[in-house]
Amino acid sequence: MAEETAQTFYLKDYTPFGFDVENVALTFRLAPSATRVLSKIHFAPKPDAADQRFFLHGEQLKLISAKIDGVEITPELSDAGLSCTVPNKPFVWEAEVEIDPAGNTALEGLYMSNGMYCTQCEAEGFRKITYYPDRPDVMSTFSVRIEGDEEVLLSNGNPKSQGEGWAEWHDPWPKPAYLFALVAGDLVNYPDKFTTQSGKEVELNIWVRPGDEGKCFFGMEALKQSMKWDEDVYGLEYDLDIFNIVAVDDFNMGAMENKGLNIFNSSCVLASPETSTDANFERIEAIIAHEYFHNWTGNRITCRDWFQLCLKEGLTVFRDAQFTSDMRSEPVKRIEDVIALRARQFSEDMGPLSHPVRPEEFQEINNFYTATVYEKGAEVIGMLKRLVGDADYYKALKLYFERHDGQACTIEDWLKVFEDTTDRDLSQFKRWYSQAGTPRLTMDEAYADGTYTLTFSQKTAPTPGQDQKDPRVIPIAVGLLNDNGDELLPTQVLEMTEAKQSFSFDGLSGRPTASVLREFSAPVILERESSKAERAFLLAHDTDPFNRWEAGNSLAREARIAMVTEGSAPDPAYLDALQKLLRDDSQDPAFRALVLQPPSQSDIAQALFEQGITPDPQRIYDAAETFAQTLAEQLTDSLPRLYADTTLEYGYRPDADSCGKRALNFRILSLLSRLDGGEQASRQYYAADNMTQQSAALTCLLSIDKGEKQSKAFFTQWKEDRLVMDKWFALQVACAAPDKAAGVAKDLTRHELFTLKNPNRFRAVMGALSGNHAGFHHESGAGYRLLADNLIALDRLNPQTTARMCTAFQSLKRYDAARQNQIRQELQRIAAQEGLSRDTNEMISRILEA
Ligand code: TRP
Ligand code: ZN
């Protein structure tokens, strides 16, 4: 185990680097297993520096030579970097190192993917490229020369000059090393142009492997829309002559915002109707926007240290969600985001990995690119906006960009612009950044003589390392409805600051129905005693679409729980409400599809656990099956017609409207398949001219244990397309019955197209396995064992992706002793591996220790 050497870093220990970096010049002489990197860096000691030591990060580098002011030196080397004595005045550092991109399977630093060179430096990958103060508060301009035989040689900033076998780039904007990027390969581009609001023309390119040019159109449109949107909404303009995007097959995450040279997981940029689903299109649009928006929130203004990661990520996720709402449907986006937040962030917050939005310690920062930092970080910004109002929000942001452009900032800087803009004291609000855990909000209602009173109490359970929780500021958006569903009181934001607090509304003519936490105005768990009738009323009448969905969701959850705990039949009233809604053409199809989307089995498990009941994954699965079967049977007569009515008459378009219609059509097909043995699904499979409907049909078939023939046909049709093959791998595992899932996954890991070296492929199988709730948690323990086996194998190649996948085990405490023991055993088996990475070691220890 790496335990002895594991070092913990603390926010409280922050000290600035003792030197300024005035500029950086890098030369790359590319060769697959022996690339030379020459650096020439101008350092100047800071006169008032507390820390005068000269230490440069560097890992897995072969130092060829080092010079200070032209004189060869012999620095002191360690695994983490080098140190040496330096002059007490500005000096020039020169080094030559050798690295091995072809042998780099961690996909961090400079590595190769399909014969193409590319980099990933966030968070601390630049230190695997050359010796450098690899910390985000060290910012400098970079000049880069690339020497190589590849047709395309790219780096950050603007192109300076190029010739046969070389190219030079210059980035005029000072940046931290984590935003450095280099790409070299025989790529082709999909070009376009954008004229900024001040009239500057920007050259745009999406660079792909030959053959993928036809999958760039949608991404390019999304890029231009993002550029325009950021100008219109935030007044932010692009700041270089060129903006390049590169698609890479082997990539640890979604995409990376390197200055002027965004690098994307090819799954997050390449799109075509034949190969991409509606969900892919929406995700691609959002990620293109996300990375583009980082140009200001992340790059022009960056983070002082990695504890401040949410400063750029929370804000940028918030901005990309605003963008998606504007491009598509605001309520649909909100509902989707809340589903994801509950599934990913709430479960993180309730388990051993719970941490504040701004963590105060870490061993490996890569382990903190979490749902809490990203998604809860975005929620915190949404709350801030609600509290200060739209006008002051945009005023504060304007001040943020003016005051902090070119700086590396903290959450304190961020909150200060809001305090200065609004004169508010945000010290209590700041607890959202420092306290981990999801607050539980309980609500009581009282009505007398025209006065309606809501009383809320808030409580947050202890989380690892944080026993004490203080009350937070919670914006609670409330509207009041009368019996006809008319608004008595339009949405108002109540500002809760106490542990227990009441709010009264008077002058009412009768007892109202309250719609509470509209738009999900705060990331809390609202516990509300409320009759089924009241929720059915809200599902039918609430003027806030989010709460309409929420009412349905809570009915669904309750019905499911009753089935599991009491063995009751599916709630007839709820079945009835669903049937009405299904047929109600006055309602948005996308909304109807979301209400029909069953609550996830993992959510049901969590809900049971919260009620003190140990969830049985198999029973939860059976209840889901019974519910769907009952709903289908009750709809027997209308399903074929509903299916026909919701089938689009026009060809594929990825717009929000068409997506919503196809989503509803898919819900209907999945019900229909339970009655017709998959006949209609099979027809749809062969007739489909787009991946959304093709994969929907295959999903329906596999879910009823059919579709073997179609699955083979799918393989034959798509075996040359990696991204589509990822779907093929994932679908089979995701749709497998509980007792078969681990076996299916295991067989797939032996498939000739399975490889540990491609994170997408690994996630396709292992992510689908851990997402198949009843299959992963099957009592045999086969799911746990298979995942552990594969994590052990992957850790030797790619620690970052391994550590990330360990989160599959974070909910162990929900389950019975036998399952907990099985999980612990697997975790201990992983922990005992010789040479386990720091990344995985930290994750396993945190899960086991809590
Ligand atoms: N900063 C990137 C984003 O949110 C994500 C990121 C962080 C990343 N570390 C990474 C991407 C490592 C790839 C590999 O947009
Ligand atoms: Zn980001």
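## Basis of the description

Because the model is predicted, local features need pLDDT of at least 70 and side-chain atom pairs count only at pLDDT 80 or more, while totals for chains, interfaces and linings use all residues. Residues are numbered from 1 along each chain as its sequence is written, chains are lettered from A and ligands numbered from 1 in the order in which they are written, and side-chain values use heavy atoms, with hydrogens and water left out.

Three strands, in the order 28-27-30, make up an open sheet with antiparallel pairing. Strands here are DSSP runs of E with at least two residues, and helices are runs of H or I with at least four, numbered from the N terminus; two strands pair if DSSP finds at least two bridges between them. Strand 28 (487–496) and strand 30 (513–516) each have a single partner strand and stand at the edges, so one side of each lacks a neighbour in the sheet. From one strand to the next the twist averages 25°, where axes are lines fitted to C-alpha atoms, for helices over the stretch in contact, and angles run from 0 to 180 degrees between N-to-C directions.

Strand 27 (residues 474–481) is joined to strand 28 by seven bridges, and I474 stands opposite M496 in strand 28. Helix 9 (residues 532–541) packs on this sheet, touching strand 27 and strand 30, and its direction makes about 65° with that of strand 30; contact means heavy atoms within 4.5 Å.

## The covered strand 19

Strand 18 (residues 201–208) pairs with strand 19 in the parallel sense over five bridges, and I245 in strand 19 is the bridge partner of I206. Seven of the seven residues of strand 19 (residues 242–248) are buried, a term for under 20% relative accessible area, with exposed meaning over 50% and partly exposed in between (1.4 Å probe, protein chains only). In a regular strand the side chains alternate between the two faces of the sheet. Both faces of strand 19 are covered, with I242, N244, V246 and V248 buried on one side and F243, I245 and A247 buried on the other.

## Aromatic pairs

Rings of Phe, Tyr and Trp (its six-membered ring) pair if their centres lie within 6.5 Å, planes under 30 degrees apart counting as stacked, over 60 as edge-to-face and the rest as tilted; the count comes to 50 aromatic pairs. F43 and F91 are stacked, because their ring centres lie 5.6 Å apart with the planes at 25°. The two residues are 48 residues apart, F43 in strand 3 (residues 35–45) and F91 in strand 9 (residues 91–99).

The peptide bond from E122 to A123 is cis, with omega near -5°, and A123 lies in the loop between strand 11 (116–120) and strand 12 (140–147). D449, although not a glycine, has a positive phi of about 50°; D449 is exposed, with a relative accessible area of 77%.
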